[in-house]
Amino acid sequence: MSRIGKKPVAIPGGVTAAIDNGVLSVKGPKGTLTMGLSDLVTYSVEEASIAVQPVNQTKAARSHWGMQRTLVSNLIEGVTQGYTKVLEIKGVGYRAAAQGKTLKLQLGYSHDVDIDVPEGIEIKTPDNTTVEISGIDKQKVGQLAAEIRRWRKPEPYKGKGIKYRGEFIFRKEGKKK
(Lines give C-alpha, C1' and ligand atoms only; values in the text may rest on other atoms or scores of the structure.)
Protein backbone atom coordinates (compact mmCIF):
# COMPACT_ATOMS: atom_id res chain seq x y z
CA MET A 1 0.00 0.00 0.00
CA SER A 2 1.25 3.44 -0.88
CA ARG A 3 1.35 5.69 2.14
CA ILE A 4 1.50 8.76 -0.05
CA GLY A 5 -1.19 7.57 -2.47
CA LYS A 6 -3.74 6.98 0.30
CA LYS A 7 -3.94 10.66 1.18
CA PRO A 8 -6.22 12.76 -1.02
CA VAL A 9 -4.78 16.01 -2.39
CA ALA A 10 -6.54 19.00 -0.83
CA ILE A 11 -7.76 21.69 -3.22
CA PRO A 12 -7.38 25.13 -1.60
CA GLY A 13 -9.82 27.97 -2.16
CA GLY A 14 -9.46 29.77 -5.48
CA VAL A 15 -8.26 26.61 -7.25
CA THR A 16 -10.41 24.55 -9.62
CA ALA A 17 -9.63 21.10 -10.98
CA ALA A 18 -11.34 19.22 -13.82
CA ILE A 19 -10.77 15.96 -15.71
CA ASP A 20 -11.57 15.98 -19.43
CA ASN A 21 -10.52 13.41 -22.10
CA GLY A 22 -7.73 11.90 -20.00
CA VAL A 23 -6.25 15.26 -18.99
CA LEU A 24 -6.32 16.81 -15.53
CA SER A 25 -6.33 20.61 -15.64
CA VAL A 26 -5.79 22.72 -12.54
CA LYS A 27 -6.44 26.46 -12.56
CA GLY A 28 -5.30 28.75 -9.78
CA PRO A 29 -4.18 32.30 -9.05
CA LYS A 30 -0.76 31.86 -10.72
CA GLY A 31 -2.00 30.14 -13.89
CA THR A 32 -3.17 26.86 -15.38
CA LEU A 33 -1.36 23.52 -15.51
CA THR A 34 -2.37 20.29 -17.24
CA MET A 35 -1.24 16.70 -16.86
CA GLY A 36 -1.98 13.58 -18.88
CA LEU A 37 -3.56 10.85 -16.76
CA SER A 38 -2.20 7.32 -16.36
CA ASP A 39 -4.39 4.34 -17.30
CA LEU A 40 -3.15 2.40 -14.25
CA VAL A 41 -4.69 4.84 -11.77
CA THR A 42 -8.21 6.27 -11.31
CA TYR A 43 -8.68 9.90 -10.38
CA SER A 44 -11.76 11.39 -8.74
CA VAL A 45 -12.30 15.10 -8.18
CA GLU A 46 -14.53 15.94 -5.22
CA GLU A 47 -15.37 19.41 -3.92
CA ALA A 48 -12.29 19.91 -1.75
CA SER A 49 -9.88 17.16 -2.83
CA ILE A 50 -8.58 14.90 -5.58
CA ALA A 51 -8.33 11.19 -4.74
CA VAL A 52 -6.01 8.80 -6.58
CA GLN A 53 -6.52 5.01 -6.47
CA PRO A 54 -4.89 2.13 -8.40
CA VAL A 55 -7.08 0.38 -10.99
CA ASN A 56 -6.08 -3.06 -9.71
CA GLN A 57 -3.52 -4.60 -7.36
CA THR A 58 -0.79 -5.31 -9.92
CA LYS A 59 2.74 -4.19 -9.16
CA ALA A 60 2.70 -1.65 -12.02
CA ALA A 61 -0.55 -0.04 -10.84
CA ARG A 62 0.64 0.20 -7.25
CA SER A 63 3.99 1.67 -8.30
CA HIS A 64 2.24 4.42 -10.32
CA TRP A 65 -0.17 5.21 -7.51
CA GLY A 66 2.09 7.27 -5.21
CA MET A 67 3.91 8.95 -8.07
CA GLN A 68 0.69 10.09 -9.75
CA ARG A 69 -0.62 11.46 -6.45
CA THR A 70 2.62 13.43 -6.02
CA LEU A 71 2.35 14.81 -9.56
CA VAL A 72 -1.21 15.99 -8.82
CA SER A 73 0.03 17.58 -5.59
CA ASN A 74 2.79 19.36 -7.55
CA LEU A 75 0.18 20.83 -9.92
CA ILE A 76 -1.85 22.21 -7.00
CA GLU A 77 1.23 23.65 -5.29
CA GLY A 78 2.48 25.16 -8.55
CA VAL A 79 -0.69 27.13 -9.32
CA THR A 80 -0.99 28.39 -5.72
CA GLN A 81 2.61 29.10 -4.60
CA GLY A 82 4.92 28.38 -7.53
CA TYR A 83 8.42 26.94 -7.38
CA THR A 84 11.81 28.62 -7.03
CA LYS A 85 15.37 27.33 -7.36
CA VAL A 86 18.33 29.51 -6.42
CA LEU A 87 21.77 28.94 -7.94
CA GLU A 88 24.95 30.42 -6.50
CA ILE A 89 28.02 31.07 -8.64
CA LYS A 90 31.47 30.99 -7.06
CA GLY A 91 34.73 31.72 -8.87
CA VAL A 92 36.95 34.58 -9.98
CA GLY A 93 35.33 36.33 -12.93
CA TYR A 94 32.23 34.09 -12.86
CA ARG A 95 29.03 36.11 -13.14
CA ALA A 96 25.48 36.04 -14.44
CA ALA A 97 23.15 38.67 -15.87
CA ALA A 98 19.52 38.32 -16.93
CA GLN A 99 18.77 40.23 -20.13
CA GLY A 100 15.10 39.85 -21.06
CA LYS A 101 14.43 36.22 -22.00
CA THR A 102 18.16 35.35 -22.03
CA LEU A 103 20.56 34.52 -19.21
CA LYS A 104 24.15 35.54 -19.96
CA LEU A 105 26.80 33.61 -18.00
CA GLN A 106 30.53 34.29 -17.82
CA LEU A 107 32.08 31.08 -16.53
CA GLY A 108 35.76 31.25 -17.49
CA TYR A 109 35.28 30.04 -21.06
CA SER A 110 36.60 32.00 -24.04
CA HIS A 111 32.99 32.94 -24.82
CA ASP A 112 29.88 33.94 -22.89
CA VAL A 113 27.21 31.28 -22.40
CA ASP A 114 23.74 32.46 -23.45
CA ILE A 115 20.78 30.42 -22.20
CA ASP A 116 17.30 31.04 -23.58
CA VAL A 117 14.60 31.04 -20.90
CA PRO A 118 11.60 28.84 -21.79
CA GLU A 119 8.03 30.15 -21.75
CA GLY A 120 6.49 30.22 -18.26
CA ILE A 121 9.83 30.56 -16.45
CA GLU A 122 11.15 33.77 -14.91
CA ILE A 123 14.84 34.41 -14.15
CA LYS A 124 16.18 37.10 -11.83
CA THR A 125 19.77 37.97 -10.95
CA PRO A 126 19.71 39.97 -7.70
CA ASP A 127 23.52 40.19 -7.87
CA ASN A 128 26.28 38.92 -10.15
CA THR A 129 26.63 35.59 -8.36
CA THR A 130 22.99 34.59 -7.73
CA VAL A 131 20.40 33.28 -10.19
CA GLU A 132 16.76 32.84 -9.11
CA ILE A 133 14.62 30.61 -11.34
CA SER A 134 10.88 30.64 -10.67
CA GLY A 135 7.74 29.33 -12.32
CA ILE A 136 4.61 27.26 -11.76
CA ASP A 137 5.84 24.02 -13.37
CA LYS A 138 8.18 22.14 -11.01
CA GLN A 139 9.67 20.03 -13.81
CA LYS A 140 10.54 23.03 -16.01
CA VAL A 141 12.09 24.98 -13.13
CA GLY A 142 14.23 22.02 -12.04
CA GLN A 143 15.25 21.16 -15.61
CA LEU A 144 16.41 24.71 -16.38
CA ALA A 145 18.34 24.87 -13.08
CA ALA A 146 20.06 21.57 -13.91
CA GLU A 147 20.96 22.77 -17.43
CA ILE A 148 22.49 25.98 -16.05
CA ARG A 149 24.42 24.06 -13.36
CA ARG A 150 25.75 21.62 -15.98
CA TRP A 151 27.81 24.39 -17.61
CA ARG A 152 30.20 24.53 -14.63
CA LYS A 153 29.61 22.01 -11.85
CA PRO A 154 31.29 22.79 -8.51
CA GLU A 155 34.75 21.29 -8.29
CA PRO A 156 35.93 19.56 -5.09
CA TYR A 157 39.14 21.53 -4.47
CA LYS A 158 38.08 25.16 -4.15
CA GLY A 159 34.33 24.77 -4.69
CA LYS A 160 34.33 26.95 -7.81
CA GLY A 161 31.33 26.56 -10.10
CA ILE A 162 27.53 26.74 -10.01
CA LYS A 163 25.72 25.12 -7.09
CA TYR A 164 22.21 25.05 -5.67
CA ARG A 165 21.62 27.19 -2.58
CA GLY A 166 22.03 24.93 0.44
CA GLU A 167 23.94 22.24 -1.49
CA PHE A 168 26.98 20.88 0.33
CA ILE A 169 30.12 20.40 -1.76
CA PHE A 170 32.43 17.76 -0.30
CA ARG A 171 35.88 19.36 -0.41
CA LYS A 172 39.09 17.38 -0.89
CA GLU A 173 42.24 18.16 1.02
CA GLY A 174 45.21 19.72 -0.72
CA LYS A 175 48.68 18.22 -0.94
CA LYS A 176 50.42 17.46 2.35
CA LYS A 177 53.89 18.86 2.97
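A compact globule of 177 residues would have a radius of gyration near 16 Å, whereas the protein chain described here has 21 Å. The model is a predicted one, and every value in this report was computed from its atoms. Taken along the principal axes, the box that the C-alpha atoms of the protein chain fill is roughly 65 × 40 × 25 Å.

**The chain as a whole**

The protein chain contains three helices and 13 strands. Of its 177 residues, 35% are buried, and the accessible surface of the chain comes to about 11000 Å², with 50% of that area belonging to carbon and sulfur atoms. When contacts between residues at least 6 apart in sequence are considered, 51% of them join residues at least 24 apart. As for charge, the chain carries 29 positive and 18 negative side chains, and the centres of these two sets are 10 Å apart.

In soluble globular proteins, nonpolar side chains tend to be buried together. In this model, the largest nonpolar core has 20 residues, and those that touch the most other members are Leu105, Ile133 and Ile148. Two or more residues of this core are given by each of strand S7 (83–90), strand S9 (102–106), strand S10 (113–116), strand S11 (121–124), strand S12 (130–135) and helix H3 (138–150). The largest share, four residues, comes from H3.

| Residue | Relative accessible area | Class |
|---|---|---|
| Asn21 | 75% | exposed |
| Ile19 | 36% | partly exposed |
| Gln106 | 26% | partly exposed |
| Tyr164 | 23% | partly exposed |
| Ser134 | 19% | buried |

Ser134 counts as buried because its relative accessible area is 19%, and the cut-off for a buried residue is under 20%. Tyr164, at 23% relative accessibility, therefore counts as partly exposed.

Ile19 is placed in strand S2, and, apart from neighbours within four places in sequence, Ile19 is in contact with Leu24, Leu37, Tyr43 and Val45. Asn21 is found in the loop between strand S2 (16–20) and strand S3 (23–28). Most residues other than glycine have a negative phi. The phi of Asn21, by contrast, is near 55°, a positive value in a residue other than glycine.

Gln106 lies in strand S9, and its contacts, leaving aside neighbours within four places in sequence, are with Gly93, Tyr94, Arg95 and Asp112. Gln106 and Asp116 are ten residues apart along the chain, and 15 Å separates their C-alpha atoms.

Ser134 belongs to strand S12. Beyond its neighbours within four places in sequence, Ser134 is in contact with Tyr83, Thr84, Gly120, Ile121, Glu122 and Val141.

Tyr164 is part of strand S13, which covers residues 161–164. If residues up to four places away in sequence are not counted, Tyr164 touches Lys85, Val86, Leu87, Ala145, Ala146 and Arg149. Tyr164 and Glu88 are 76 residues apart along the chain, while the separation of their C-alpha atoms is 6.1 Å.

Key: Residues numbered from 1 in each chain as written. Predicted model: local features only at pLDDT ≥ 70, side-chain atom pairs only at ≥ 80, totals over all residues. Heavy atoms only, no water. Rg over C-alpha atoms; globule rule 2.2 N^0.38 Å. Buried < 20%, exposed > 50% of the residue type's maximum accessible area, 1.4 Å probe, protein only. Contact = heavy atoms within 4.5 Å. Areas by Shrake-Rupley, 256 points an atom, 1.4 Å probe, with all protein chains shown as cover. Lys, Arg positive; Asp, Glu negative; His and termini not counted. Charge placed at Lys NZ, Arg CZ, Asp CG, Glu CD. Core = buried A, V, L, I, M, F, W, Y, C linked by side-chain atoms within 4.5 Å.
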